[in-house]
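Subject: Structure handover

Hello,

Here is the structure you asked about. Please open it alongside this message and follow the residue numbers as you read.

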Amino acid sequence: MTCVETFQAYALRSIGLGERLLPRSDFTFCDHVVLIGSGLIWNLYFAICALALGFFFATGIALARNSANLLLRKPAEWFTFVFRGSPLFIQFFLFYEAFTLLPRAGIDLNLGIVEINIATSWITRAWAGALVVLFVNTSAYSGEIFYGALRSVPKGDLEAADAYGFSGWRKFRRITWPTMLRLAWPAYTNEAIFLFHATTLVFFSSFPAWQQKGDALYYASYLADKTFNPFIAYPVLAVYFMALTLMIIWIFGRVNRRLNSHLPSNTRARIRPRLFPMR
């Protein structure tokens, strides 16, 4: 099988498109690159969805922790403490055990007219259950980052906003939230990188890969077991992750420059050539 044929057969296998059976012999370097790259689709899915959902939830956590209302502040503090204080690997197992109790009995909704049974076995799959674990974990860490940045917003900025007549939602949207993001963005970039790397823990968790549709580490482990040579599959996996880490740094760096574009230190002076006639 040529490299082009391998790409056509296995490039999208991790999402159910292409050959149903995995190769069992005569593995080439192209097989390693294509299969591990196919599994990387799931790692990107976990990272992008968890970051996108966790970003807004973490903002709410930071606002709740900064609130004077005890009913808002205490649950946010305990949420942050629990999910930052416990290992992510243990959270995978605890959530899986909790989710497996639901399908055994099901959930009955008695609407008075008809009784509806909702199947809940879908949440024990990696695409849903593992995503929930990564979502709550990154929300706790990001919420702490945003809370620290929110407490560090200069009082002069807030007083200037009051002087211009900004208040309520308008003040938060135009002054407080952009400043909070500007201060938190370097640390939040590290959290995004950590979350992307943490998606490999899904392979070791109890959440099953349905019909051999696993993540990048699943295929790397499969190839290493079949070839008895871990020095090809795992370096290929590492190169993939390093390349995507550089992409995350570049994307978040562009956002960081955008957030700080108004600062004088981030403006570059234009080069203006001048002629100096000799005397």
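This is a predicted model: local features need pLDDT of at least 70, side-chain atom pairs count only at pLDDT 80 or more; totals for chains, interfaces and linings use all residues.

Overall layout

The protein chain has 10 helices and 2 strands. Following the sequence, these elements come in the pattern α-α-α-α-β-β-α-α-α-α-α-α. Of its 279 residues, 41% count as buried. Taking contacts between residues at least 6 apart in sequence, 74% join residues at least 24 apart.

Helix packing

Two packed helices are described by the angle between their axes and the distance between the axes. Both values are given for each of the two pairs below.

The crossing of α2 with α7 is right-handed. On the α2 side, the residues in contact are Asn43, Leu44, Ala47, Ala50, Leu51, Phe55, Thr59 and Leu63. On the α7 side, they are Phe172, Trp177, Met180, Leu181, Trp185, Tyr188, Ala192, Leu195 and Phe196. By class, this contact of α2 with α7 has 15 nonpolar residues, 2 polar and no charged.

The second pair is helix α6 (residues 155–163) with α7, where the axes come within 11 Å and cross at roughly 165°. Angles over 145 degrees count as roughly antiparallel, so α6 and α7 are roughly antiparallel to each other. The crossing of α6 with α7 is right-handed. Here Asp157, Leu158, Ala161 and Asp162 in α6 meet Lys171, Ile175, Thr176 and Thr179 in α7. The residues of this contact of α6 with α7 divide into 3 nonpolar, 2 polar and 3 charged.

Salt bridges

Side chains of opposite charge can pair when their charged atoms come close. How many salt bridges does a search of the whole structure find? The search gives 4.

Arg65 and Glu144 form a salt bridge through their side chains, at 2.2 Å from N to O. This pair links distant parts of the chain, since Arg65 lies in helix α2 and Glu144 in helix α5 (residues 126–151), 79 residues apart. Is Arg65 buried or exposed? Its relative accessibility is 13%, so Arg65 counts as buried. Glu144 has a relative accessible area of 24% and is therefore partly exposed.

Lys171 and Asp162, already listed in the contact of α6 with α7, also meet in a salt bridge, with 3.0 Å from N to O. Lys171 counts as buried because its relative accessibility is 18%. Asp162 has a relative accessible area of 46%, so Asp162 is partly exposed.

Salt bridges that share partners join Arg73, Lys74 and Glu77 into one network. Glu77 and Lys74 are separated by about one helical turn, because they are 3 residues apart in helix α3 (residues 70–85). Glu77 is partly exposed, at 24% relative accessible area. Lys74 also counts as partly exposed, with 39% relative accessibility.

Regards

Definitions and conventions: Residues are numbered from 1 along each chain as its sequence is written. Side-chain values use heavy atoms; hydrogens and water are left out. A crossing is left-handed if the near helix is turned anticlockwise from the far one by less than a right angle, and right-handed if clockwise. Helices (H or I, at least four residues) and strands (E, at least two) are DSSP runs, numbered from the N terminus. Contact means heavy atoms within 4.5 Å. Ala, Val, Leu, Ile, Met, Phe, Trp, Tyr, Cys and Pro count as nonpolar, Asp, Glu, Lys and Arg as charged, and the others, Gly among them, as polar. Axes are lines fitted to C-alpha atoms, for helices over the stretch in contact, and angles run from 0 to 180 degrees between N-to-C directions. Angles under 35 degrees count as roughly parallel, over 145 as roughly antiparallel, 65 to 115 as roughly perpendicular and the rest as oblique. Buried means under 20% relative accessible area, exposed over 50%, partly exposed in between (1.4 Å probe, protein chains only).
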